[in-house]
Amino acid sequence: MSLDQATDAETKETWILTRDEKFNFRAAHWADLHGLLYSALPQDIFLLGNLFLSFSVSDDKNSVKVKAKIIQTGEIVEIVGDLLIAADGCLSLIRQTFLPHLKLRYSGYCAWRGVLDFSGNENSETILGLRGAYPDLGKCLYFDLGTATHSVLYELLNNRINWIWYSNQPEPELKGSSVTMKVSREMIEKMQDDAEKVCVPELARVMKETSEPFINVIYDREPLEQIFWDNVVLIGDAAHPTTPHGVRSTNMSLVDSYVLGKCLEKWGAKNLHQALEEYQSIRLPVTSKQVLHARKMGQVKQGLVLPNGKRFDPKNASPEECEVLQQKTCLSLLGFL
Ligand SMILES: Cc1cc2nc3c(=O)[nH]c(=O)nc-3n(C[C@H](O)[C@H](O)[C@H](O)COP(=O)(O)OP(=O)(O)OC[C@H]3O[C@@H](n4cnc5c(N)ncnc54)[C@H](O)[C@@H]3O)c2cc1C
């Protein structure tokens, strides 16, 4: 199930905005998901610790040569293949080769994130308090809306709580090639103080007890018109940088790879162009809608100005207005359900 509730920052009073008993979801920790994939696939297909540097397509367009650096030794290696599948995320270096002037759109907010491992502390005051404040934890995806902010909370397998807290702020300067920002002790302490002011106290306590919370800067961009060039193809966030409010961007990446695999299987290596054309024609219309929809969801939940000039206000929203918060409703509006 999923539940959207609102919290008054002053009184800490909480009330339900909308609830979907039938919302079906599975939550997984990254490490568990990666572990499953890693053990299901032949080990020699992973070249861990290789940093992609550049690529070149052969004149006859039949092969791609990739240059990579082995991080541990500094050695530069070259790998030749039929097809380069760029799954290098939101800031994709491979996409930049084709679209050097493409800029991402900063959403207006960043996300503080963390996972609290409470193994051995199942009956601690923090966890019992959290279960009291969020009684359906374990089977419910909780969204907590405040004034111009919202948080997401759910339980993962093996005694872990995952939380995300979005806060509106000017665009930070990113160092390096990741949307994850390094944070200082002072920034963590400030976040914990701010959380105490606006969040449900039991959630603020979980945030305070989480070791190593981190920040993701949230970007997306207008959908691309093209996601393959010769024998180079984009999948996942590289193909469609998106804000995470559809709660399905990993699924989008997985479906991309499934569809790409099916198209390659259907057309064979000799008809690469047709396979990539079909992959693009199936995925691009769907992911484009999902990106724009997720953008709107973020704007609603962060109380930002919407295209109609208004802001969603959880204090005064009518039940009909609250329906837009439901994950299922959003998908059906888009024709996916
Ligand atoms: C705050 C937040 C909450 C989210 N919540 C959800 C959610 O609830 N559900 C959901 O489905 N999705 C969620 N997502 C989205 C999800 O994290 C991404 O959509 C997903 O990780 C995209 O997968 P990807 O493989 O395309 O890219 P990534 O996961 O970004 O993977 C790209 C990989 O490429 C590697 N790479 C990049 N450059 C190089 C290089 N030069 N050489 C070698 N390797 C390189 C990176 O190290 C990385 O491992 C959330 C995202 C954020 C920011």
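**The ligand and its surroundings**

Guide: In this predicted model, a backbone N or O atom of Thr250 lies 2.8 Å from an oxygen atom of the ligand. Asp237 also takes part through its backbone, where a polar atom is 2.8 Å from an oxygen atom of the ligand. With Ser253 the side chain is involved: a polar atom of that side chain lies 3.4 Å from a ligand oxygen atom. On its own the ligand has 1,000 Å² of accessible area, of which the protein covers 66%.

The shell around the ligand comprises 23 residues, and the closest of them are Phe52, Asp237, Val247, Ser249 and Thr250. By type, the residues of this shell divide into 11 nonpolar, 8 polar and 4 charged. Two or more residues of the shell come from each of strand S3 (50-57), strand S7 (105-117), strand S10 (160-168), strand S12 (214-220) and helix H6 (249-267). Helix H6 gives the most, with 4 residues.

In soluble globular proteins, nonpolar side chains tend to be buried together. The largest nonpolar core here has 31 residues, and those with the most contacts inside it are Tyr134, Leu153, Ile161, Trp163, Trp165 and Met207. Strands S7, S10 and S12 each give two or more residues to this core, as do helix H3 (125-133), helix H4 (185-198) and helix H5 (201-209). Leu153 may be taken as an example: beyond its neighbours within four places in sequence, Leu153 is in contact with Leu130, Tyr134, Leu137, Cys140, Leu141, Tyr142, Ile161, Asn162, Trp163 and Leu203. Another core, of 23 residues, lies apart from the largest one and has Val66, Ile235, Leu276 and Leu284 among its members.

Gln302 is placed in the loop between helix H7 (272-301) and helix H8 (319-322). Gln302 counts as buried because its relative accessibility is 0%, and the threshold for that term is under 20%. The side chain of Gln302 is joined to the side chain of His150 by a polar contact of 2.8 Å. When neighbours within four places in sequence are left aside, the residues in contact with Gln302 are Tyr109, Ala148, Thr149, His150, Tyr166, Ser167 and Asn168.

Technical notes: Residues numbered from 1 in each chain as written. Predicted model: local features only at pLDDT ≥ 70, side-chain atom pairs only at ≥ 80, totals over all residues. Heavy atoms only, no water. Near = heavy atom within 4 Å. Polar contact = N/O pair within 3.5 Å; in protein donor to acceptor, adjacent residues only side chain to side chain. Areas by Shrake-Rupley, 256 points an atom, 1.4 Å probe, with all protein chains shown as cover. Nonpolar A, V, L, I, M, F, W, Y, C, P; charged D, E, K, R; others polar. Core = buried A, V, L, I, M, F, W, Y, C linked by side-chain atoms within 4.5 Å. Buried < 20%, exposed > 50% of the residue type's maximum accessible area, 1.4 Å probe, protein only. Contact = heavy atoms within 4.5 Å.
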